[in-house]
Amino acid sequence: MFAVFEAFVQQRSTELLRTARLLTANHSDAEDLLQDALAGLARHWEAVSRDGHPEAYVRRALHNGAIDGWRRRRTRPHVVAEPSEHTPSAGDRFADVDSRLALREALTQLPPRQRAVIVLRYYEQLTEAETAEVLGCSINTVKSQTRHAMTRLRGLSLEEVLR
């Protein structure tokens, strides 16, 4: 049984770590979150693997753990840099990186449930039904949280990033 668990971790840990990174916006926090989720999976491996959905279990644990972390998180000072005078040219890779960084920063400003919905729907490309199942809510809640999150992201002047 342990060999199957180990194989699952080796096959899926990279993608799961990316998801955790998006949820926490910090690499070390993401590693801790994933480690906690995998430890929980190891404790319940027999039951979860019998159901045939260990990845769904880990994803739900990641999202629940991230939400718990957001609730406990202390306010950290936010350092704002001076804007640069850089004007990107067509195909500017730095502009692409800037856009991704701006989007990641904007995700950190969303409430926990909205952030989880955006990550599940647009990064992991889950359906509304799959997202609702992972978060333990209704499809209508997923739809409304998505709408509110997108409105908030647009309000953060990220329309050019989201297109």
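Leaving aside its neighbours within four places in sequence, threonine 19 is in contact with Arg59, Leu62, His63, Val119, Tyr123 and Glu124, where contact means heavy atoms within 4.5 Å. The structure before us is a predicted model, in which local features need pLDDT of at least 70 and side-chain atom pairs count only at pLDDT 80 or more, while totals for chains, interfaces and linings use all residues. Residues are numbered from 1 along each chain as its sequence is written, and side-chain values use heavy atoms, with hydrogens and water left out.

Where does threonine 19 lie? Its place is in helix 1, residues 2–24. Helices here are DSSP runs of H or I with at least four residues, numbered from the N terminus. Threonine 19 counts as buried because its relative accessibility is 1%; buried means under 20% relative accessible area, exposed means over 50%, and partly exposed lies in between, with a 1.4 Å probe and protein chains only. The side chain of threonine 19 also makes a polar contact with the side chain of arginine 59, at 3.3 Å. A polar contact is a pair of N or O atoms within 3.5 Å; within protein, one must be able to donate a hydrogen and the other to accept it, and residues adjacent in sequence count only if both atoms are side-chain atoms.

How many does the structure hold? There are four, a salt bridge being a side-chain nitrogen of Lys or Arg within 4 Å of a carboxyl oxygen of Asp or Glu. Side chains of opposite charge can pair when their charged atoms come close.

Let us take three of these pairs in turn. Glutamate 15 and arginine 12 meet through their side chains at 2.9 Å, N to O. Both lie in helix 1, three residues apart, about one turn of the helix. Glutamate 15 is partly exposed, at 37% relative accessible area.

Arginine 12 also forms a salt bridge with glutamate 55, at 2.8 Å, N to O. This pair links distant parts of the chain, with glutamate 55 in helix 4 (residues 54–72) and arginine 12 in helix 1, 43 residues apart. Glutamate 55 is partly exposed, with a relative accessible area of 21%.

Glutamate 55 in turn meets arginine 59 in a salt bridge of 2.5 Å, N to O. These two residues both lie in helix 4, four residues apart, about one turn of the helix. Arginine 59 counts as buried because its relative accessibility is 8%. Taken together, Arg12, Glu15, Glu55, Arg59 and Glu124 are linked in a network of salt bridges.

We turn now to arginine 152, which lies in helix 8, residues 139–155. Its relative accessible area is 37%, so arginine 152 is partly exposed. Which residues is arginine 152 in contact with, leaving aside its neighbours within four places in sequence? They are Gln109, Leu110 and Pro111. Arginine 152 and glutamine 109 are 43 residues apart in sequence, and 9.0 Å apart in space, C-alpha to C-alpha. The side chain of arginine 152 reaches the backbone oxygen of glutamine 109 at 3.0 Å.
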